[in-house]
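Here are some notes to read with the model open. Take the points in order and find each residue as you go.

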Amino acid sequence: MKTNQFIVYLVLVFFSFFNVQAQCNIVDTITVCDMTTIDKDGDGIFDGIINLYDEYNALPGTIAPISLSSGTWYDPNFNFALDEATGDLYLWDLDNASRSVNDYEFQFIDTSSSCPNGVVLTVNLILGPFEGKPLPPVGVNDANITVCEAVLSSFDLFQVFESQPSPHENGIWTFIGNLGDPSNFISLSQDGTFEAKIPYVPGGDLIEFDVFEFTYTVPGILPCSPQKVSNFKVEVIRDVFSGSPSTFEICETDVLDGLWDGDIDLRDDRFLAGEDIEGTWSASGDVTNQISGPLDSTINLREVFDYLKLNTPKYGCREFKYKYKVEARSTLTDCSDRESEVIFRFYEPIKPFQQSQPLDICLDGTQPAGINLYNQITFTTENGELYDYPENISCTDWSFVSGPNDNDIRVAVDSGIIDLTNLTRADAGSYVFRYTVSSSCNNCLSGGTSACRGQSANIIVNINTNLYAGEDTLGLQFCETDPVVAAPLDLFSLLTTNGVDGPVYNGPMGAWTDSNTGMIIANPIAYSIPTINDQQYFDFTYTTITSSGCLDRANLTFTVFEAYQSGTSNTIDVCDNSSPFSLISQLTGTPNTNGIWSGPNGFSSLEANVVFDPMTSEAGVYTYTVPDNINASGTTMCSGNQATLTVTLHQSPNAGVGGSYAVCQSDLQINLIDYLDQSADLGGTFSDLNATGALTNNSLAVSQLSQGTYNFQYEIQGHTSCALSTSVLSITIEEVDVPTTTNQTFCAIDGAIINDLVAMGGVDFNWYDTATSTIPLSHGTKLIDGEDYYVSALNHNNCESPRVSMAVTILPADHVDCNSCFKDGVSANGDNENDEFDLCGLPITFPNFEISIFNRYGVVVYKGNKNTPLFKGDSNVSLTLGKKLPSGIYFYVFDPRDGVTKSLQGNFYLSR
């Protein structure tokens with residue numbers, strides 16, 4: 001054997017040694033070209049079921065280095081045709097024929113094996129095309145199926161085929177031609193639907209139809225047929241059409257004006273358009289017998305209306321229908337009879353109505369209890385028929401048009417009833433109301449409209465009021481505390497009445513005058529009693545006058561005595577840091593200043609203005625007393641009184657001074673108590689000033705907040721007499737946006753580590769092996785093929801964003817997309833350029849690797865691993881240890897030693 005041949009032989013033997021080690025993911029192919037001939041159970045009935053165990057074991061030349069007894073079959077593409085428990089594969093449930101070898105891939109998984117993901121075996125199924133079996137042709141046109149034109153929108157060509165098995169769905173539909181005019185065919189979609197239009201032949205006695213021919217072509221791949229084709233025909237029968245009918249809304253006035261005189265032909269397109277001419281006519285509800293027979297389409301609407309008006313003068317609305325029916329020519333279920341109705345509706349107009357003359361009302365003792373405005377309307381009477389339109393139905397309505405702006409009338413008119421007992425203080429004048437009857441009062445359809453117009457009429461009511469001023473009321477005496485003169489005083493409330501003319505008028509037509517000054521009182525219902533010093537006499541005159549000059553007058557006099565007020569007793573709580581205050585200012589009411597004070601431990605003062613200083617004064621009960629006020633006859637008009645003021649002192653609280661703090665959103669949750677300064681009293685509460693909803697008691701869920709500054713107020717009350725002590729914590733949330741990244745692919749020769757992963761949108765990034773890991777992976781961590789990694793972004797304060805997942809794919813070292821790492825030459829001349837045989841990142845990817853270098857005679861001159869220096873042209877084996885190797889071609893074998901990846905081999909040239 002020649003030397004070169006021996007070297008090749010040696011290398012091949014070496015490679016073969018490493019190749020036989022791989023016992024995982026053995027790949028084989030099963031071919032089924034005609035699934036319709038498969039009969040798994042051998043009962044003579046084709047079922048399209050194969051068993052993957054049997055098929056794999058029956059492959060020609062199959063060697064079974066693995067056991068298929070301890071695992072299970074798995075369909076990674078989820079075609080839902082595999083029984084994983086038994087290995088039965090239902091071919092008829094696979095939708096498409098194979099277009100490539102690995103369209104249908106099935107794996108045998110044994111989780112007890114050392115294979116990656118447990119994949120021991122992969123079987124690719126090549127499934128031949130099945131074009132389907134059309135239904136048997138019938139009829140003279142040999143059509144495989146017949147349908148009505150009306151169902152084409154819900155019909156697809158798959159319905160032409162038998163269902164067991166159905167044709168593969170990855171075929172192509174092709175229109176071949178049709179029996180009739182080519183323009184009858186409109187379009188064909190690749191979802192199996194098509195459009196066609198069968199022309200109408202007027203007066204014909206045959207069924208209009210056309211037959212359309214199609215092919216369905218299912219492609220395949222070798223070794224099966226490259227395609228299979230089905231030819232079939234679809235017969236489409238035209239549906240009859242009864243036309244597009246119209247509905248006419250006709251107001252009676254249009255008929256009386258002669259717009260509908262004369263005969264009309266219902267076949268005119270104004271009434272019925274596009275109908276087949278073979279139909280028949282009939283009418284419902286037309287007692288005038290306008291339709292004399294099935295072929296009669298002529299009517300006279302004036303005759304119909306005249307008959308209606310003669311027999312039903314007050315008809316409101318009446319509908320007349322004329323039906324056109326075309327019988328189906330085919331017995332197919334979907335080819336049914338068609339009917340259309342031409343409808344005429346006559347509407348009676350709303351007859352006019354009015355008020356004969358305005359209604360005059362005087363609001364005095366003879367006034368009526370109320371007015372029914374409906375009774376003021378006079379309705380039209382024709383030929384003995386009263387055309388009245390009752391109120392309180394949906395098509396009638398009352399409305400207020402004009403008049404003095406009185407809300408009581410506006411509300412009352414909604415029902416058409418004015419209750420005069422509520423209007424004794426109403427403004428006099430002319431009130432206009434409107435009664436409206438809409439056209440919908442005469443209507444054929446609920447909620448519909450009428451072809452006629454509605455009617456309305458105004459109802460006028462003139463109201464004339466008597467302005468009663470009350471009776472003279474003289475010599476009244478009051479203590480200023482009496483409720484009747486308490487401010488604001490209503491002067492009307494002091495006037496007496498005769499019990500006949502009703503309450504005293506209070507409105508713009510009346511005026512109060514102060515007889516002492518001659519001044520007119522601007523607001524008599526809220527007259528302010530001036531400050532009373534001992535006593536004061538008042539004299540007023542009230543005058544009313546109507547627009548017609550009616551006058552009424554009453555005189556009112558009274559004296560008011562001052563009630564010396566001590567105020568009312570009060571209990572107050574005072575904070576020890578409050579400002580000094582006057583004791584009399586703490587009494588409720590309006591105490592006079594002519595009283596005296598007494599207090600705890602013998603305290604007394606003849607002055608009303610006693611100052612209490614919380615820093616020096618004594619807490620306790622203080623009493624204030626004022627004298628009686630007596631009139632000229634010696635009668636006590638206002639009694640003196642006394643009030644007590646109980647003072648209790650309390651210590652003030654401290655909420656601290658607050659501050660501003662920054663936290664990361666990734667901190668998840670903080671306790672705001674930890675941010676209070678040391679001077680703050682504990683036991684207070686926090687409030688969420690920005691209503692974030694993230695605060696629960698003292699705990700703030702910062703993970704729920706977006707980036708920004710949020711204010712939280714700490715409040716501690718102490719006793720309610722003390723001011724609420726508050727401080728504000730400003731918490732700035734630093735939110736980090738989610739980074740952007742993608743699934744990333746590396747070659748095994750790259751030796752990819754965490755530091756090689758790429759993400760955007762952060763100052764720095766943390767990488768994790770799970771979504772919930774708490775410790776980031778170190779930058780030098782080796783990347784693993786098929787693993788998911790999770791990345792979060794960090795900002796300048798090391799705040800962390802939520803995590804985003806990505807997947808890493810490590811391509812084999814010999815993958816077509818990976819460039820070879822190994823150099824084709826080494827120049828071991830000490831110039832620091834290409835001085836060593838570089839292994840790139842392979843030692844990181846395969847830490848257990850071994851590399852052997854052979855000279856051209858197949859002798860090993862170098863062995864290396866992760867602990868060995870790189871090859872620099874020197875031998876490191878025992879026989880030639882340290883020997884500088886001569887220039888020439890050398891061969892290398894890189895063994896990953898991971899149990900999966902094949903060895904890499906090649907050669908390079910060593911130069912010196």
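1. Which residue forms a salt bridge with Arg267? In this predicted model, the partner is Glu275. Their closest N and O atoms lie 3.8 Å apart. Arg267 is partly exposed, at 24% relative accessibility. Glu275 is buried, at 12%.

2. Look next at Lys314 and Asp388. They form a salt bridge too, with 3.7 Å between the closest N and O atoms. The pair joins distant parts of the chain, 74 residues apart. Lys314 sits in the loop between H4 and strand E20 (317-326). Asp388 sits in the loop between strands E26 (385-387) and E27 (396-402). Lys314 is partly exposed at 37%, and Asp388 is partly exposed at 28%.

3. Asp261 and Arg302 make another salt bridge, at 3.1 Å from N to O. Here 41 residues separate the partners. Asp261 lies in the loop between helix H3 (252-256) and strand E16 (263-265), while Arg302 belongs to helix H4 (residues 301-311). Asp261 has a relative accessible area of 45% and counts as partly exposed.

4. Salt bridges can also link up. Glu252, Lys309, Glu348, Lys351 and Glu382 form a network of them. The structure holds 24 salt bridges.

5. Now turn to the nonpolar residues. The largest nonpolar core has 45 residues. Trp767, Leu783, Phe837, Phe894 and Phe908 touch the most other members. Strand E55 (804-811) is one of the elements giving two or more residues. E55 gives the largest share, four residues.

6. A second, separate core has 27 residues, including Ile50, Leu52, Cys115 and Val120.

Definitions and conventions. Residues numbered from 1 in each chain as written. Predicted model: local features only at pLDDT ≥ 70, side-chain atom pairs only at ≥ 80, totals over all residues. Heavy atoms only, no water. Core = buried A, V, L, I, M, F, W, Y, C linked by side-chain atoms within 4.5 Å. Buried < 20%, exposed > 50% of the residue type's maximum accessible area, 1.4 Å probe, protein only. Salt bridge = Lys/Arg side-chain N within 4 Å of Asp/Glu carboxyl O.
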